[in-house]
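Colleague: Please take a close look at one part of this model, the aromatic side chains and the helix packing around them. A plain account will do.

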Amino acid sequence: MHIPIKRSYSNKVFAGVIGGLSEHFQWNPAVARVLWVIVSLTPFPGIIAYLILWMLMENPD
């Protein structure tokens, strides 16, 4: 099972998940990364969600 969003090939820090989401939804990648860090520090399991998205998103071309 995959979601139709691709990980970013050029805009990545670790695996390209946040870069791929920001490219797909046309967000600023720096703001998306800051928001992801804030969400990861809250009780919401952000790191687990990142790993799940990494497995479900399509590979970059």
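Modeller: Trp54 is partly exposed, at 33% relative accessibility (buried is under 20% relative accessible area, exposed over 50%, partly exposed in between, with a 1.4 Å probe and protein chains only). This is a predicted model, in which local features need pLDDT of at least 70 and side-chain atom pairs count only at pLDDT 80 or more, while totals for chains, interfaces and linings use all residues. Residues are numbered from 1 along each chain as its sequence is written, and side-chain values use heavy atoms, without hydrogens and water.

Trp54 belongs to the helix contact: Val17, Ile18 and Leu21 in helix 1 meet Tyr50, Leu53 and Trp54 in helix 3 (contact means heavy atoms within 4.5 Å; helices are DSSP runs of H or I, at least four residues, and strands runs of E, at least two, numbered from the N terminus). The residues of this contact are 6 nonpolar, no polar and no charged (nonpolar covers Ala, Val, Leu, Ile, Met, Phe, Trp, Tyr, Cys and Pro; charged covers Asp, Glu, Lys and Arg; the others, Gly among them, are polar).

There are 4 aromatic pairs (rings of Phe, Tyr and Trp, the last by its six-membered ring, with centres within 6.5 Å; planes under 30 degrees apart are stacked, over 60 edge-to-face, the rest tilted). The rings of Phe14 and Trp54 have centres 5.2 Å apart and planes at 75°, so they are edge-to-face. Phe14 lies in the loop between strand 1 (3–6) and helix 1, 40 residues from Trp54 in helix 3. Phe14 is exposed, at 59% relative accessible area. Ring pairs join Phe14, Trp36, Tyr50 and Trp54 into a cluster.
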